[in-house]
Amino acid sequence: MAQHALKKWLLRLLKFILFITLFVLIGKTLGNPYKWVPESLADKVSNLLYGYGNVGGEEIDNAYFYIDIITVFILTTAIYILTVKLINFTRSK
C-alpha cells in the first residue's frame with residue numbers, strides 16, 4: 001500500500017516537473033513580448049486594467065507582462081495536456 005502511494009506521489013512530481021519545464025521552454029521560445037505583442041493590444045489591455053487616462057509606462061509594461069504570462073500558461077497547458085494524453089495512449093497499447 002505504501003509503495004502505491006509513493007508511486008502516485010512520484011508520478012505527480014514528474015508531471016509537475018514536466019509542466020514547469022514546458023513553461024520555461026515555451027517562455028524562452030516566445031522571447032521578448034515587446035517583439036510579438038502588438039503595441040495597440042498592450043495599450044488596450046492597460047486601459048482596461050487601469051482605466052483610460054491613468055496609463056503610463058509602468059502600466060504598459062505590466063500589460064506586456066500579463067499578456068506574456070497568460071499566453072505562455074495557455075500554450076503550456078495545451079501542450080502539456082496533449083503530451084500526457086499521448087503518453088497515456090502509447091502506454092495503453
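User: What should I know about the model before I start?
Analyst: The model is predicted, so local features need pLDDT of at least 70 and side-chain atom pairs count only at pLDDT 80 or more, while totals for chains, interfaces and linings use all residues. Residues are numbered from 1 along each chain as its sequence is written, and side-chain values use heavy atoms, with hydrogens and water left out.

User: How many helices and strands does the chain have?
Analyst: The chain has four helices and zero strands, where helices (H or I, at least four residues) and strands (E, at least two) are DSSP runs numbered from the N terminus.

User: At what angle do H3 and H4 cross?
Analyst: The axes of H3 (residues 39-50) and H4 (residues 57-92) come within 8 Å and cross at roughly 105°; axes are lines fitted to C-alpha atoms, for helices over the stretch in contact, and angles run from 0 to 180 degrees between N-to-C directions. H3 and H4 are therefore roughly perpendicular to each other, a label for angles of 65 to 115 degrees, whereas under 35 is roughly parallel, over 145 roughly antiparallel and the rest oblique.

User: Which residues make that contact?
Analyst: Among them are Leu41, Val45 and Leu49 of H3 and Ile60, Ala63 and Ile67 of H4, with contact meaning heavy atoms within 4.5 Å.

User: Switching topic, what is the radius of gyration?
Analyst: The chain has 19 Å, whereas a compact globule of 93 residues would have a value near 12 Å; the radius is taken over C-alpha atoms, and the globule rule is 2.2 Å times the number of residues to the power 0.38. The C-alpha atoms fill a box of roughly 60 × 25 × 20 Å along the principal axes.

User: And how much of the chain is buried?
Analyst: Buried residues make up 16% of the 93 residues, where buried means under 20% relative accessible area, exposed over 50% and partly exposed in between (1.4 Å probe, protein chains only).

User: Is threonine 76 buried or exposed?
Analyst: Threonine 76, placed in helix H4, is buried, with a relative accessible area of 0%. Leaving aside neighbours within four places in sequence, threonine 76 is in contact with Phe19, Leu22, Phe23 and Ile26.
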